[in-house]
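My entries follow in the order in which I made them.

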Amino acid sequence: MNFDGPNFIPTHPNIVELDRIGDEIAELSAHLDAATARLLDLIREFDARGGWNNGACLSCAHWLCYRVGLEMRAARERVRVARALGTLPQLAQALARGELSYSKVRALTRIATPETEERLLKVGRAGTAEHVERIVRGWRRVDRKIEVEDTARRHKHRAFQAYHDEDGMVVIRARLEPQAGAVVIQAIAAAREALRRKARANDSTNGSAGPQFVDGSAEPRYQDGTPEAPTYQQQGADALALIAETALNHGIPGTPGERYQVVVHVDAAVLADANAPGQSVLEDSAYVPAETSQRLACDASRVVIRHDTDGRITEVGARTRTIPPALRRALEHRDRGCRFPGCGRAFGQGHHIRHWAHGGPTTLSNLTLLCRKHHRAVHEEGFQVERQATGELYFRRPDGTPLVESPPLPPIPSDPVAELRARNALDGIHIDARTSKPDWLGDRLGLGYAIDVLHPAATGERVPTLSS
């Protein structure tokens with residue numbers, strides 16, 4: 001059989017053979033889609049059960065990138081589709097039977113909900129993958145328009161009202177945008193917890209036998225004679241008052257750098273040996289584990305303060321960077337992100353392979369970049385890293401087993417296509433060359449009409465919109 005570039009036109013004897021090849025392509029593609037459905041089921045279960053969370057991987061997508069070799073964007077998309085299909089059984093079954101391609105299902109899961117799944121399944125069966133993509137884009141444009149309108153409406157109707165009730169109490173009512181409301185709720189929760197700690201501290205100071213409970217409440221009684229523990233609503237009111245008092249007492253913080261700076265006081269002996277006696281505390285005297293101090297000291301500003309035997313300060317050194325700026329630029333240029341196997345996140349912290357408190361030099365050969373999670377894993381979770389004589393990094397799990405850069409590939413059957421067909425047949429899935437063929441007859445897609453017919457907003461329905 002001779003092929004003469006793109007202008008090749010098959011002669012009559014070749015048409016039957018080419019049709020057979022085309023049918024095999026279509027059939028095998030449907031088999032692959034059915035196998036993809038099983039793969040997504042496994043990914044969803046593995047993700048839900050936290051199989052990827054072994055201390056080394058950041059997410060299920062990172063695990064797929066490391067263990068399976070998927071590119072990160074493709075891995076994230078597989079996890080997204082797998083999660084979505086958990087609530088979309090009709091789309092999941094169509095993919096499992098090879099009736100819809102993964103490309104179609106991937107697009108439809110961006111907009112499908114349990115309420116709209118059935119109508120969108122018809123779209124997938126009727127049109128090509130290009131038709132589906134165009135309808136999904138049109139659908140999302142309508143969704144975004146609705147979201148913009150909803151956002152503008154919420155912003156316009158935000159409000160705050162405070163007035164005195166008949167009994168002298170101040171009544172506060174507010175309508176906040178979702179993001180602002182979330183901030184307020186979290187602030188009240190933090191203030192409520194601060195009040196709980198204060199109440200427990202008062203119990204201890206006053207010699208109480210511990211928190212007293214009322215009607216199963218887990219909250220201690222007040223120490224001011226209040227006969228019952230505060231209700232949840234009363235705690236919220238106290239928390240709101242604490243937030244206001246804190247804002248007035250502290251005023252506006254200093255410069256942004258000072259505002260977000262965390263200071264840890266740690267003895268030199270503790271940096272060198274986590275089991276050594278000495279302090280490792282924050283500014284408010286809260287205890288910090290020595291391993292955490294060692295991690296923070298890997299790449300931070302450092303001020304050496306010397307004390308005499310009575311604890312008086314005798315000398316305060318100048319602030320210096322543990323890793324000088326020029327060396328950090330070289331480190332970032334060399335490592336290009338976190339070096340922990342399977343990670344590669346772009347932003348990392350400098351890690352001393354042999355800590356400088358143990359005599360390790362601050363040199364390029366003794367440094368590597370690790371993201372925040374994996375820097376913590378090495379210092380506080382038992383993972384280990386060392387640089388080989390060849391310059392390569394060698395990572396080990398807490399149990400000492402090696403953590404390789406690229407895991408070995410699983411064994412592949414000698415005839416994977418036959419294995420795939422046999423597996424689908426065993427599962428009762430019948431696939432032929434027409435299984436995934438769309439119902440499209442070649443007519444032009446009327447996108448505006450399709451959206452008007454399909455989108456819930458066209459019939460006055462209001463269903464939750466999805467965003468990516």
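**Entry 1**

The model I am reading is a predicted one. I then looked up the strands around this pair. Strand S12 covers residues 393-396, and two bridges join it to S13 in an antiparallel arrangement. I recorded the whole sheet as open, with three strands in the order S11-S12-S13 and antiparallel pairing. Strand S11 (384-387) and strand S13 (402-403) are the edge strands, and each of them pairs on one side only.

**Entry 1: confidence**

The chain has a mean pLDDT of 81, and 84% of its residues reach 70 or more. Two stretches I marked for caution. Residues 209-227 have a pLDDT below 50, and this stretch has 25 contacts in the model beyond near neighbours in sequence. Residues 252-260 also have a pLDDT below 50, and I found one contact in the model for that stretch beyond near neighbours in sequence.

**Entry 2: the chain as a whole**

I counted 16 helices and 13 strands in the protein chain. Of its 468 residues, 31% are buried. The chain exposes about 29,800 Å², and carbon and sulfur atoms supply 54% of that area. Among contacts with a separation of 6 or more, 56% are between residues 24 or more positions apart.

**Entry 3: salt bridges between helices**

I asked how many salt bridges the structure holds. The count is 24. Side chains of opposite charge can pair when their charged atoms come close.

I took the pair of arginine 421 and glutamate 27, whose side chains meet in a salt bridge at 3.5 Å, N to O. Arginine 421 lies in helix H15 (residues 416-426) and glutamate 27 in helix H1 (residues 12-48), so this pair ties together parts that are 394 residues apart in sequence. Arginine 421 is partly exposed at 27% relative accessibility, and glutamate 27 is partly exposed at 21%.

I then turned to arginine 295, which forms a salt bridge with glutamate 380, with 2.5 Å between the closest N and O atoms. Arginine 295 belongs to helix H12 (residues 290-298) and glutamate 380 to helix H14 (residues 372-380), so parts 85 residues apart in sequence are tied together by the pair.

I looked up arginine 328 and glutamate 332, whose side chains meet in a salt bridge at 2.9 Å, N to O. Both residues lie in helix H13 (residues 325-335), four residues apart, about one turn of the helix. Arginine 328 counts as buried at 17% relative accessibility, whereas glutamate 332 is partly exposed at 37%.

I found a network of salt bridges that links Glu77, Arg80, Arg110 and Glu133.

Notes
Residues numbered from 1 in each chain as written. Predicted model: local features only at pLDDT ≥ 70, side-chain atom pairs only at ≥ 80, totals over all residues. Heavy atoms only, no water. Pairing = 2+ DSSP bridges. pLDDT = per-residue confidence, 0-100. Contact = heavy atoms within 4.5 Å. Buried < 20%, exposed > 50% of the residue type's maximum accessible area, 1.4 Å probe, protein only. Areas by Shrake-Rupley, 256 points an atom, 1.4 Å probe, with all protein chains shown as cover. Salt bridge = Lys/Arg side-chain N within 4 Å of Asp/Glu carboxyl O.
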